[in-house]
Amino acid sequence: MKKESYLLPLLLILIWQGLSSLYWIPDYKLPSPIAILLGLKDLLWIGMPPGNLLHKHVLYSLYRVGLGYGVAALLAIPLGLLMGWSPRIRRMINPLIELVRPIPPLAWIPIAIVWFGIGIQSAAFIIFLGAFFPILLNTIAGVLSINPILVEAARTLHATEKKIFLKVLLPGSIPSIFVGMRIGIGIGWMTLVAAEFTGVKEGYGVGYMIMTARDIQRPDQILAGMLVIGLIGLLINAGLRTFESRVLRWRG
Amino acid sequence: MGLEILGLSKTFSGGSRGESVHVLDQLQHRIDNGRFVSLIGPSGCGKTTLLRIIAGLEKASVGKVLLDGKEMVRGSEDVGMVFQEYALFPWRTTLQNIEMGLEIRGMDKVRRRSIAMEYIKTFDLNGFEHRYPRELSGGMKQRVAIARTLVMNPRVVLMDEPFGSLDSQTRNAMQEFLLKIWLKRGDTIIFVTHNVEEAVFLSDEIVVLSRRPARMLERIEVAFPRPRDRTGEVCNHIRRDILKILEEEMKREEVRDEDHWNRLQSP
């Protein structure tokens with residue numbers, strides 16, 4: 001990153017810290033950056049609630065996201081390829097998707113709890129819903145964006161429909177699939193925290209941790225928890241981008 | 001023995017306003033094995049449609065295509081096609097593009113690699129085996145595309161304006177290169193172009209098609225020996241003949257269009 005990318009955030013944090021030190025910002029509403037870092041330290045070593053350490057919260061959250069997101073990708077990519085490939089299948093399934101898609105994932109929480117109870121399945125289901133549609137729609141768009149002449153070229157090389165599917169449609173739509181996967185993980189990660197607000201059985205999860213911190217009035221730890229959410233989101237996105245640029249070397 | 005086009009007609013139904021478009025009109029022709037035949041005609045006349053029917057990408061409305069007396073089936077290994085826009089798979093390297101057909105055929109990796117490497121050598125692509133299409137020049141891309149088709153050893157090679165988007169110097173070089181390869185291999189080539197010079201320089205025979213719906217206007221034997229001088233007496237003579245045929249064809253159509261216009265105007 002360039003110098004100017006750091007400059008503005010750094011300046012804002014300094015001003016924030018300065019205002020806090022002068023007591024112009026009340027600590028119980030917005031703790032200072034230093035207080036937040038100390039809160040983060042407490043989360044790491046003492047835990048919230050005490051004994052439940054940060055890294056376990058993170059691991060449980062990642063596990064829920066991994067499950068919901070994994071199932072979403074596993075279903076959305078093949079379905080998207082099929083829908084992109086066959087106009088008939090697309091016409092058949094599209095109305096259903098257009099009906100379900102606008103329902104916010106969080107609106108599913110009550111029914112998810114009825115179906116799965118409070119626990120990992122409920123949370124994973126909410127994340128699944130958040131990640132599924134972006135992956136699906138981008139996979140369809142990816143197939144549709146493939147130049148038809150490539151399909152014809154494969155046909156003149158005597159490819160069967162199955163070979164065309166595997167050797168043209170799949171590799172050709174991978175750039176778009178990646179876009180969907182990145183949007184999907186973003187939405188999945190966002191919905192996770194909200195899903196955890198409604199309660200978790202295991203006693204772990206970043207969202208759950210933040211709600212506990214609120215219950216005992218620790219705004220420093222609430223903000224430290226938010227910071228952790230942001231950082232993990234950043235890392236996931238960076239990881240996906242690196243993987244993507246490695247797989248998509250052909251695109252330059 | 002050869003390729004026979006028997007009473008081939010093609011009508012596309014359902015244009016933008018539901019009218020049907022008559023593209024090919026009872027084409028009848030015979031191409032002996034091992035000949036280099038160019039199809040030339042006004043743009044949009046249906047040359048490409050004819051190639052696509054022979055390639056099995058499109059179905060004829062009436063008529064059929066025979067190869068050595070047998071009707072060609074869709075997806076037959078006897079035909080290969082080279083497209084104008086290269087149609088290389090952008091996610092595959094030069095080597096992988098050339099291997100694609102063999103891979104589809106189910107040939108094992110070691111064998112198809114060694115065959116593809118031979119083509120890399122013949123097609124002067126050394127050092128670019130592991131490059132992606134976006135890293136290649138236009139001429140190189142088209143060499144890869146031709147290699148990808150020829151590696152399958154088709155008996156009939158269809159080429160749809162393969163050099164149409166190349167600059168003229170590269171185009172000349174590619175023509176000479178194609179001749180060299182063809183003289184060695186002796187496949188049948190059906191070559192669509194709208195460049196008269198190109199057709200005269202390359203072909204054993206030139207078929208001139210009319211405007212849509214395409215009919216056969218003229219069949220010209222180009223019998224003089226290769227290598228040919230593009231700007232020589234004989235080439236220019238044949239070029240003049242073909243240009244005249246094409247020009248007259250365009251005029252005829254203009255008259256017809258005018259008639260049509262007059263008819264529309266009169267109450």
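Predicted model: local features only at pLDDT ≥ 70, side-chain atom pairs only at ≥ 80, totals over all residues.
View 1. Residues are numbered from 1 along each chain as its sequence is written, chains are lettered from A and ligands numbered from 1 in the order in which they are written, and side-chain values use heavy atoms, with hydrogens and water left out. About 220 Å³ of space lies in this second largest pocket (a pocket is an open set of points on a 1 Å grid over the protein atoms alone, with protein on both sides within 12 Å along at least five of seven lines, and a lining residue has an atom within 4 Å of a point; a volume is the space filled by probe spheres set on points joined across faces, edges and corners). Helix 3 (54-85), helix 4 (87-100), helix 6, helix 7 (148-156) and helix 8 of chain A each give at least two residues to the lining, and the largest share, three residues, belongs to helix 7 of chain A (helices are DSSP runs of H or I with at least four residues, strands are runs of E with at least two, and both are numbered from the N terminus). By class, the lining of this pocket has nine nonpolar, one polar and two charged residues (Ala, Val, Leu, Ile, Met, Phe, Trp, Tyr, Cys and Pro count as nonpolar, Asp, Glu, Lys and Arg as charged, and the others, Gly among them, as polar).

**View 2. The largest cavity, with a volume of about 90 Å³, is shown with its lining from chain A.** Two cavities of 30 Å³ or more are counted (a cavity is a set of points where a 1.4 Å probe fits but cannot get out). The largest cavity is lined by 14 residues, and those closest to its centre are A:Ser122, A:Ala123, A:Ala195, A:Thr198 and A:Gly199. Helix 5 (109-116), helix 6 (120-144) and helix 8 (161-197) of chain A each supply at least two of the lining residues. The lining of the largest cavity is made up of eight nonpolar, five polar and one charged residue.

**View 3. An open sheet of six strands in chain B has the order 6-7-8-3-9-10, with mixed pairing.** Strand 6 (79-82) and strand 10 (216-221) of chain B each have a single partner strand and stand at the edges, so one side of each is left without a neighbour in the sheet (two strands pair if DSSP finds at least two bridges between them). Helix 1 (residues 47-55) of chain B packs on this sheet, where strand 3 (36-40), strand 6, strand 7, strand 8 and strand 9 (205-209) are touched by the helix (contact means heavy atoms within 4.5 Å). Within the sheet, strand 7 (residues 156-160) and strand 8 (residues 188-192) of chain B run parallel and are joined by five bridges; B:Asp160 has B:Val192 in strand 8 as its bridge partner.

View 4. Strand 1 and strand 2 of chain B pair over eight bridges in the antiparallel sense, with B:Lys10 opposite B:Leu24. Strand 1 is also joined to strand 4 of chain B, again antiparallel, by five bridges, and here B:Ile5 stands opposite B:Val65. Strand 4 (residues 62-67) and strand 5 of chain B run antiparallel with two bridges between them, and B:Leu66 is found opposite B:Glu71.

**View 5. The second largest cavity, of about 60 Å³, has a lining from chain B.** Among its lining residues are B:Ile5, B:His29, B:Leu50 and B:Val207. Strand 2 (21-32), helix 1 and strand 9 of chain B each supply at least two residues, and strand 2 gives the most, with three. The lining of this cavity has 10 nonpolar residues, one polar residue and no charged residues.

**View 6. The largest pocket holds about 290 Å³ of space.** Of the 15 residues that line this pocket, B:Ile53, B:Glu58, B:Lys59, B:Ala60 and B:Met72 lie nearest its centre. Helix 1 and strand 4 of chain B each provide at least two lining residues, and the largest share, three residues, comes from strand 4. Eight of the lining residues are nonpolar, two are polar and five are charged.

Technical notes:
Axes fitted to C-alpha atoms, helices over the stretch in contact; angles between N-to-C directions.
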